[in-house]
Amino acid sequence: MAQEKTYKIAVIPGDGTGPEVIREGVKVLDAAAERFGFKLSYNYFDWGGERYLKTGDTIPKGGIDELRKHDAIYLGAIGHPDVTPGILEKEILLRIRFELDQYINLRPVKLYPGVWTPIKDKGPEDIDFVVVRENTEGLYAGGGGFLRKGTPQEVAIQESINTRFGVERCLRYAFEFCRKRNKKKTLTLVGKTNVLTYAWNLWERTFYEVAKEYPDIKTDYAHVDATCMWFVKNPEWFDVIVTDNMFGDIITDLGAIIQGGMGIAAGGNINPEGVSMFEPIGGSAPKYTGKNVINPLAAICAGMMMLEHLGEEEAARAIENAVIKVCRDHLKSLSAGKMGYSTSEVGDLVANYTKEGVEL
């Protein structure tokens, strides 16, 4: 009998409601593993606000190297009300992204049947696109500084750093992803070529150069401000979008709300050649901690993305079908406390449907 494949997963439950949603995500992942004949071996890391308050430590010495020994990372949430904003995010989240060179942030924006969207007269057939965001450069690379800080003459400089290497590998990933997705086969570059004439000149030139190698993919360009408008007016225009770190950060939150809100939005921080990390998009939501009312679907969808990335596409599809069924036939709302079910009950529903298999 063939040996069951085992995947080593680093789990960082994190802060606030993070451990609650991760618990449900693991429940669903285990159901998928059991049905499709593979194993998941979890290694838990206590990185987050509580550890920091006790020890002053964010990631212990050698921590990043420990992560490298895994097939993927499953993250709950980072952010603690008693820790100054920015410390944990920068020292845990950004460090993992940068040091593991997770140069792609992947954000599917997909409206499931039965899920409310604030956009009138649009349904699941209209809202189904993916944003590929460059994840290690741009304004987040930390270039800049202060001059005469704290005086009336203070100067603050924040630099956007864009390298040909960084831009090109992101664009290539987006073209390949668009081809594999095989929907409209249209890749839209979202930027600001008319004002940010250095960075976006580099992006645009590289985009059209790389495009020559992908004659089967249609290319398109849109300014970021116009894109925000069209997300609301004509989301059906989009298939795959590629953009820089800052613009990607902004438009994916707009994407999250049109797909039903933070309760369902999941993302991946991808290193195609290394270890990738998957997480729900919503924060740690400390006001809901321990109340068993938070929506775990975003964390469950992040687990689904993780399985897809690991090559377990059938199992990922089974989870997605289970999520669709729960959204369509069970939940009153995706908002915390308004679902009509507790956090753990939603996890049980998705896990059971994943195990049984559902016809949609």
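The following legends describe close-up views of a predicted model. Local features are given where pLDDT is at least 70 and side-chain atom pairs where it is 80 or more, while totals for chains, interfaces and linings use all residues. Residues are numbered from 1 along each chain as its sequence is written, and side-chain values use heavy atoms, with hydrogens and water left out.

**View 1. The two domains of the chain.** Domain 1 (1–102 + 266–359) and domain 2 (117–259) make up the domain assignment, and such bounds come from an automatic or database domain assignment. Taken over C-alpha atoms, the centres of domain 1 and domain 2 are separated by 25 Å. Nine residues of domain 1 are in contact with nine residues of domain 2, where contact means heavy atoms within 4.5 Å.

**View 2. The largest pocket.** The largest pocket holds about 920 Å³ of space. Its lining comprises 29 residues, of which Leu-106, Pro-108, Phe-177, Lys-180 and Glu-308 are the closest to the centre. A pocket is an open set of points, on a 1 Å grid over the protein atoms alone, where a 1.4 Å probe fits, with protein on both sides within 12 Å along at least five of seven lines; lining residues have an atom within 4 Å of a point. Grid points are joined across faces, edges and corners, and the volume is the space filled by probe spheres set on the points. At least two lining residues come from each of strand 4 (104–110), strand 5 (128–134), helix 5 (164–181), strand 11 (266–270), helix 9 (297–309) and helix 10 (313–329). Helices (H or I, at least four residues) and strands (E, at least two) are DSSP runs, numbered from the N terminus. The lining of the largest pocket has 17 nonpolar, two polar and ten charged residues. For this division, Ala, Val, Leu, Ile, Met, Phe, Trp, Tyr, Cys and Pro count as nonpolar, Asp, Glu, Lys and Arg as charged, and the others, Gly among them, as polar. Domain 1 and domain 2 each provide at least three residues of the lining of the largest pocket.

**View 3. The second largest pocket.** The volume of the second largest pocket is about 710 Å³. Closest to its centre, of the 29 residues in the lining, are Leu-93, Leu-94, Arg-97, Arg-133 and Asp-249. Two or more lining residues are given by each of strand 3 (72–77), helix 4 (87–99), strand 4, strand 6 (138–147), helix 8 (245–258) and strand 12 (276–280). Helix 4 contributes the largest share of the lining of the second largest pocket, seven residues. By class, the lining of the second largest pocket consists of twelve nonpolar, eight polar and nine charged residues. At least three of the residues lining the second largest pocket are drawn from each of domain 1 and domain 2.

**View 4. The nonpolar cores.** In the largest nonpolar core, of 90 residues, Val-242, Leu-297 and Val-323 have the most contacts inside it. Helix 9 gives the largest share of this core, nine residues. This core lies between domain 1 and domain 2, because both give residues to it. Not counting residues up to four places away in sequence, Leu-297 touches Gly-263, Ile-264, Val-323, Cys-327, Leu-331, Leu-334, Val-346 and Val-350. Another core, of 18 residues, lies apart from the largest one and includes Trp-47, Leu-67, Val-83 and Val-275. A nonpolar core is a set of buried Ala, Val, Leu, Ile, Met, Phe, Trp, Tyr and Cys residues joined through side-chain atoms within 4.5 Å. Buried means under 20% relative accessible area, exposed over 50%, and partly exposed in between (1.4 Å probe, protein chains only).

**View 5. Glu-20 and its contacts.** Glu-20 lies in helix 1 (residues 18–36) and is buried, with a relative accessible area of 8%. Apart from neighbours within four places in sequence, Glu-20 is in contact with Tyr-288, Thr-289, Gly-290, Lys-291, Asn-292, Ile-294 and Thr-343.

View 6. Most residues other than glycine have a negative phi. Asn-292, in the loop between strand 12 and helix 9, has a positive phi of about 60 degrees and is partly exposed at 27% relative accessibility. Arg-148, in the loop between strand 6 and strand 7 (155–161), has a positive phi of about 55 degrees and is partly exposed at 46% relative accessibility. Gly-340 belongs to the loop between helix 10 and helix 11 (343–356) and counts as partly exposed at 49% relative accessibility.
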